[in-house]
Every structure is written in structure tokens, then in C-alpha cells.
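Please read the following account with the sequence and the coordinates side by side. It starts from the sheet, goes on to the helices, and ends with the loops.

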Amino acid sequence: MADNWKRAALLVIDMQNDFILPGSPMYVAGGEAIVPSVMEIIRVARERGMLVVWVVREHDPLGRDVELFRRHMYGDGKAKPTSNGTKGAELVDGLVIKEGDYKLVKTRFSAFFATNLQSLLRSNGIEDIVVVGVQTPNCIRQTVYDAVALDYKSVTVIIDATAAAAPEVHIANIYDMTNIGVSTPTVQEWSSSDS
């Protein structure tokens with residue numbers, strides 16, 4: 001089974017201060033509660049020898065690379081969420097990029113859009129993707145749908161290591177992803193499985 005895990009990658013999506021900490025400009029209400037679960041999944045993934053990919057948003061402080069609908073948040077005196085080099089763009093306390101991990105910067109919902117994620121995964125022999133982080137209807141969902149469209153052998157979303165602004169939104173999106181063949185185990189179920 002060890003060889004199977006080497007063909008899998010863990011994508012840790014947007015576990016940054018500006019998404020996780022209460023009062024932050026992009027706060028996801030369910031985000032803080034999943035930090036221990038995300039930490040556990042990362043621990044197990046590393047133990048299994050999986051590639052850990054930290055998918056983070058980092059934007060130009062002037063907002064030149066931000067979606068049009070968010071540009072109003074940038075400029076003089078504005079929040080400027082996840083701007084390069086700010087505390088808000090840093091990973092939340094307890095999450096640490098280690099040697100052998102990979103940091104991928106994105107500027108849109110999907111981790112595949114306008115990034116090198118596809119070439120990184122394919123060149124490392126990755127066939128299976130496991131996803132954790134925030135937020136379920138946006139970055140999680142878009143990344144997962146793209147992974148399915150790109151024909152990854154299996155795509156897994158850990159249901160209690162992902163979160164949305166509201167539990168009902170999270171559950172509805174998990175339901176939709178399950179309907180396209182995405183596996184949705186709990187932390188416990190995934191951590192105790194051997195494939």
C-alpha cells in the first residue's frame with residue numbers, strides 16, 4: 001500500500017489567517033474549527049510519504065491580479081486580503097510548510113487555473129488527490145471539479161477537514177461532489193484506510 005500513497009497528493013487549500021481568523025477580511029466561519037483536523041490529515045499524509053501541496057492565495061497589494069468582483073477590497077485604506085508579505089497571507093498558527101512540501105500560489109478559486117499544479121502532479125506520478133481546507137463552495141469545489149475533469153484516478157475531500165461559511169452550504173457542496181464520484185470520508189475513516 002505504501003506505493004499507492006506515493007501516487008497521491010494532499011492539497012491543503014487556503015488555510016491562511018485572512019480566511020481562518022475571526023474578524024479577518026475573508027473570514028470563513030467554519031475554518032477555525034477544522035484546523036486540528038487539517039493538522040491530523042497532514043501528519044498522516046507525511047507519514048504515508050504523500051506529496052503535500054500548500055495551495056495559497058497571494059495577491060498584489062494593489063489588487064491587479066484579483067478577480068474583478070473583489071477589486072473593491074484593494075487600494076488605499078482597504079483590507080487588501082492575502083496580499084503578498086502580509087500576516088493575513090500567512091498560514092494559520094500550527095500549520096507549517098516542511099522540507100519536501102510544495103507551496104503553490106493561486107489567484108483564482110481553482111488551484112489548477114493559471115498555475116503549474118497539473119504539471120507538478122503529473123511529473124511526480126500523482127494519480128490520486130486528497131483535498132482539505134476552505135472554503136467548500138469556492139476553492140475546494142472548483143479545484144475538485146477541475147481534478148475530476150482532468151481525469152485523476154481518484155479525488156477525495158475530507159468532509160471534516162474542509163469547511164464553509166455555514167454548515168448547510170458545506171453539506172450541499174459535499175453532496176454535489178459525491179454525485180460526481182468524489183470520495184468524502186471523515187478524518188478518522190481516511191486516516192485508518194490503507195488505500
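A residue is called buried when its relative accessible area is under 20%, exposed when that area is over 50%, and partly exposed in between, as computed with a 1.4 Å probe on protein chains only. Helices (H or I, at least four residues) and strands (E, at least two) are DSSP runs, numbered from the N terminus. The model is a predicted one, in which local features need pLDDT of at least 70 and side-chain atom pairs count only at pLDDT 80 or more, while totals for chains, interfaces and linings use all residues. Residues are numbered from 1 along each chain as its sequence is written, and side-chain values use heavy atoms, with hydrogens and water left out.

With these terms in hand, strand S2, residues 51–57, can be described as mostly covered, since 7 of its 7 residues are buried. The side chains of Leu-51, Val-53, Val-55 and Arg-57 point one way from S2, those of Val-52, Trp-54 and Val-56 point the other way, and all of these residues are buried.

Where does S2 stand in the sheet order? The open sheet is formed by 5 strands in the order S3-S2-S1-S4-S5, with parallel pairing, where two strands count as paired if DSSP finds at least two bridges between them. Strand S3 (102–106) and strand S5 (154–163) stand at the edges with a single partner strand each, so one side of each is left without a neighbour in the sheet. Neighbouring strands of this sheet are turned by 20 degrees against each other on average, direction ignored; the axes behind such angles are lines fitted to C-alpha atoms, for helices over the stretch in contact, and angles run from 0 to 180 degrees between N-to-C directions.

The individual pairings can be followed across the sheet. S2 and S3 are paired in the parallel sense over 5 bridges, and Arg-57 has Lys-106 as its bridge partner in S3. Between S1 and S2, which also run parallel, there are 5 bridges, and here Leu-11 has Val-53 as its bridge partner in S2. Strand S1 (residues 8–13) is joined to strand S4 (residues 128–134) by 6 bridges, again with the two strands running parallel, and the partner of Val-12 in S4 is Val-132.

Just after H3, Gly-49 takes a positive phi of about 85 degrees.

Two packed helices are described by the angle between their axes and the distance between the axes. The axes of H5 and helix H6 (residues 167–178) come within 10 Å and cross at roughly 10 degrees. That makes H5 roughly parallel to H6, given that angles under 35 degrees count as roughly parallel, over 145 as roughly antiparallel, 65 to 115 as roughly perpendicular and the rest as oblique. In this pair Thr-136, Pro-137, Ile-140, Arg-141, Val-144 and Tyr-145 of H5 meet Val-169, His-170, Asn-173, Ile-174, Asp-176 and Met-177 of H6, contact meaning heavy atoms within 4.5 Å.

The loops hold several local features. Gln-135 is found in the loop between S4 and helix H5 (136–149), and the peptide bond from Val-134 to Gln-135 is cis, with omega near -15 degrees. In the loop between S1 and helix H2 (17–20) lies Asp-14, which has a positive phi of about 55 degrees although it is not a glycine; Asp-14 is buried, with a relative accessible area of 1%.

Lys-80 lies in the loop between S2 and S3, and its phi is near 55 degrees, a positive value in a residue other than glycine. Lys-80 is partly exposed, with a relative accessible area of 24%. Ser-83 is placed in the loop between S2 and S3 and is buried, with a relative accessible area of 2%. Not counting residues up to four places away in sequence, Ser-83 touches His-59, Asp-60, Pro-61, Tyr-74 and Ala-89.
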